[in-house]
Every structure is written in structure tokens, then in C-alpha cells.
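Student: Hi! Could you walk me through this structure? I'm new to it.

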Amino acid sequence: MDTATLEDMRTALRGPVIGPRDAGYDQARKIYNAMIDKRPAALVPCADAADVMAAVTYVRDHGLELAVRGGGHSGPGLCLVDDGVTVDLSPMRWVRVDPEARTAEVGGGSHLGDLDHATQAFGLATPTGIISMTGVGGLTLGGGHGYLTRKYGLTVDNLIAADVVLADGGFVTASETEHPDLFWALRGGGGNFGIATSLTYRLHPVGTVGAGVTVWPVESTREVLAWYREFLPQAPEDVYGFFAVLVVPPGPPFPEELHGRKVCGIVWCCTGDPDGAAETLSVVNDAGRPAFHFTTPMPYDALQGMFDELIPTGYQWYWRGDFFDHIPDAALDVHLEYGSNNPTPLSLMHLYPIDGAAHRAGPDDTAWSYRDALWSGVFAGVDPDPANAETIRRWCVGYQEALHPYSMGGSYVNFMGSDEGQERVRATYRDHYDRLARVKRTYDPDNLFHANQNIEPARG
């Protein structure tokens, strides 16, 4: 973008346009993952849907590259584009809760923490992720899973409607009755079809939950995971626990003698009687004596923010993912190997359960195409030091590739890297890809929205 175009954009749009020579440029292009160093020609913070419509129209009419930033939590940095324009929704952080109808309407730049804070005042919540700094929009459009998934389904199973700015600069509301083809595609198809300026969710009664953390020495990984793969799918849907390999962080609730030790573990959330969580989770001893076991009643929004300080904005990240419908014995050995050779204190692997209520939706009800999966795995190399970027990338790639033969072939789209290729995108959407491509042709035939895990418009 030349200087004249940048100045013309400033004249054409209502709000600020931040260019590379502006004092706030480096802060404006800062996102969660510090491994990403993209330099947009302009960033356009938008206060409302009208600003988004104007920005999209300008970008399209001038043949510029476009990216969309919601919470800025994209691991591969797809919310920025070199030499193009980032439409930034971060000023649109608002939540309106209707406690009578049990619904919440959320601005497209909001974080999970904004949603949880607003809904918890009424003892309500909807399934989302596990880090409160995550953007609501990106998480939702990719599908969304977390502590409430076994009980109440995926995030997209609880999406009622979305206001969307389209590639032609127009504005629509998508729901089961309005633009149902677009609504279907938005529920798992990522940011391929437009910019979601607001999203409306169904809420459920969730207040205080039974939270817990259990860890075992990493040498016990094989035995613990063998127990977990049998126990969790048979557990009541009120019981949720994701399995992890990690390094024990310094600080509470962990005793000092465990700080810095490599372990395997499970993070628990029980949505039944919070005071009964200790008894419910006493079964952890069946996996072998834990090195540490902790349960406590906790407000749900506090559990959602429990890991925020551990992995704040500005660290190096490299991640990949895979879906699994079983965990064979050979996979147990892989988890033990890579957990034992974790390269940095913050690198991790999580297996998130996506069964229970998530399996009650039909296979074609939404664009999420892995209703038969039991776990969504993420492999993440994390470190504050840029000098370790290649080390954490190698560990992550090696871990994922070693387990991939035991996977279902595709990944949760929000866990995909930027270098996995178009066939990997197709594998993620399975038989839904062609239908998604047809919806893409209807709403974005020129593929304006391609700074994403891209679904190409169908031809013809």
C-alpha cells in the first residue's frame, strides 16, 4: 500500500487507520503469539458493524489483502497479513445478557473472560475454551470446546445467531431461519464466510463448580493415560477432565518440591455438586498414587482464568492438533517419550474430551465434522525466549507426527498451524468440505476472506 492509498483510507473511513509510521503501530500489531512478526500496511480498529462494513468495502474495492482480528489469539497469526489490512474488532468488547431468556449477545472483539464475567453474575455460562484471553469470535467459528462440552456440547451447538459482514460489504443476521446455509457454515467453518460482528449464545445454569488438578510423575504416563482412556468416556457428563503432559509451574497450589518436575496430569471440572467433587474424583487413585491431588469448589469464571498468568501474551508459541477416537497402547509410549523430553517449562500436550453432549448433535447439523471423535489433542511448544523458537517447534511437530498415525486424520481448525497445507484443511472438514466450498462461492466467490485455514470457493 502506498502513502496515497493509506491517506485516502484515512479520509474514507470514520475511525483511526494505523500505519507503519504511526506511534501506536507496534502495539496495534501485537498479538498473543510473539513468534508472529507480520507487518500490515494498515490496521483499522472498528467500533461497530458500520465501521467493519466500510473497511471491507474499501479493502475489496482497492484490491488489498485482508485479515480479521478478534481476540488476537490465533496461534499461526492469521489475524494479521503482511502489507495488507487488518480489520481489528478489538474495540467491540461488550456483552449483553438476558437472564430471563438465558441468552447472551457478544461483540466480535470480546474475550472469553468478558463473556464469563457477564454471565456468571446470573449463574449462567456457555461452553467455550479454557483460557479467558481467547477471542470469542475465532473460537466459536472454529467450533469451540472446553470444560462444559461433555455437559452442554460445543460452543457452536449453543450459538443461536450471528451478525455477519459479508465480502460485498453487506450485513446479514444468520440463524436457523435466516441464511441457514451461512449459519451452518459458520458453526465450525472458521472465518471463511464473513466477519462476525456479534454472536448470540444459549446459556446454561453454571455457578460454582468442583475444580481439581491431579498430577503423577511423568514416568507414570503410560499407566495413567491407560486408566484415563477407559474412565473418562464412561464417567457422568458432569465430570470433565483433560489429560496433559507438562512441567509443574512454580507457585500454588503445587508444593515447592514439585516445582519444575515433568509430570502427566488431569485438570478437572465437575458441574454437579461442587462439594462432592472430592469424593467423585477419589477414583484417581485407581491410576496409581498421585504426586499431587487437589480439589476445591471454585466459581466457574475463576477456573476459566486459572491459566492466564501462566501463559500471558507475548510468549513464543507453535502448535498443532489432531482428533482421536481411541488411544492405542502404542500411543501411550509416544506420550511417555515426548512428555519425558519436554524441552521447556511451558511446553505441553492436552487431550480435551469432546464426547457426551457433543455427540448428541447429528453429524451434518453443523460444519464441525468430527462428531465421532472422543478427544481433541493439541501439541504446543511454548517459551518466552525467541532463541528457543526452533526447539519448541521441533518438539511440537515431532510429537504430532508421531501420534498422527493413530489419529482420525484431521484437526480442530483452531489448533492447526499455518504450514500444514490444503489437504490438511480438507481432512479437517472431511465430507463437509464440498458443501462448505459451495457456501463459500455464494457468500465470498472471490475468496476475499482467505487469511485463514482457507476453504476455496467451489467452481462453476
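Predicted model: local features only at pLDDT ≥ 70, side-chain atom pairs only at ≥ 80, totals over all residues.

Student: Great. Which domains is the chain divided into?

Tutor: Domain 1 covers 3-88, domain 2 covers 95-205 + 429-443, and domain 3 covers 208-420. These bounds come from an automatic or database domain assignment.

Student: How many residues from domain 1 and domain 2 take part in their contact?

Tutor: Domain 1 gives 12 residues and domain 2 gives 16, where contact means heavy atoms within 4.5 Å. The two domains bury about 1,000 Å² between them, with 72% of it on carbon and sulfur atoms. Buried area here is the accessible area (1.4 Å probe) that two parts lose on being put together, summed over both.

Student: Which three residues of domain 1 supply more of that area than any other three?

Tutor: Met53, Gly71 and His73, which supply 38% of the area that domain 1 buries against domain 2.

Student: And how many salt bridges cross that interface?

Tutor: The rule finds 0 between domain 1 and domain 2. A salt bridge is a side-chain nitrogen of Lys or Arg within 4 Å of a carboxyl oxygen of Asp or Glu. Helix α3 (residues 49-61) brings 6 residues, the largest share of the domain 1 side. Helices (H or I, at least four residues) and strands (E, at least two) are DSSP runs, numbered from the N terminus.

Student: OK, what about the whole count of salt bridges?

Tutor: By this rule the count is 27. One of them joins the side chains of Asp51 and Arg14, at 3.0 Å from N to O. Asp51 sits in helix α3 and Arg14 in the loop between α1 (3-12) and α2 (25-28), so this pair, 37 residues apart, links distant parts of the chain.

Student: New topic: where is there a cis peptide bond?

Tutor: Between Pro252 and Pro253, with omega about 10°. Pro253 is in the loop between β12 (239-247) and β13 (262-270).

Student: And which residue other than glycine has a positive phi?

Tutor: Arg102 does, with phi near 55°; Arg102 is in the loop between β4 (95-98) and β5 (103-107). Most residues other than glycine have a negative phi, and most peptide bonds are trans.

Terms used
Residues numbered from 1 in each chain as written. Heavy atoms only, no water.
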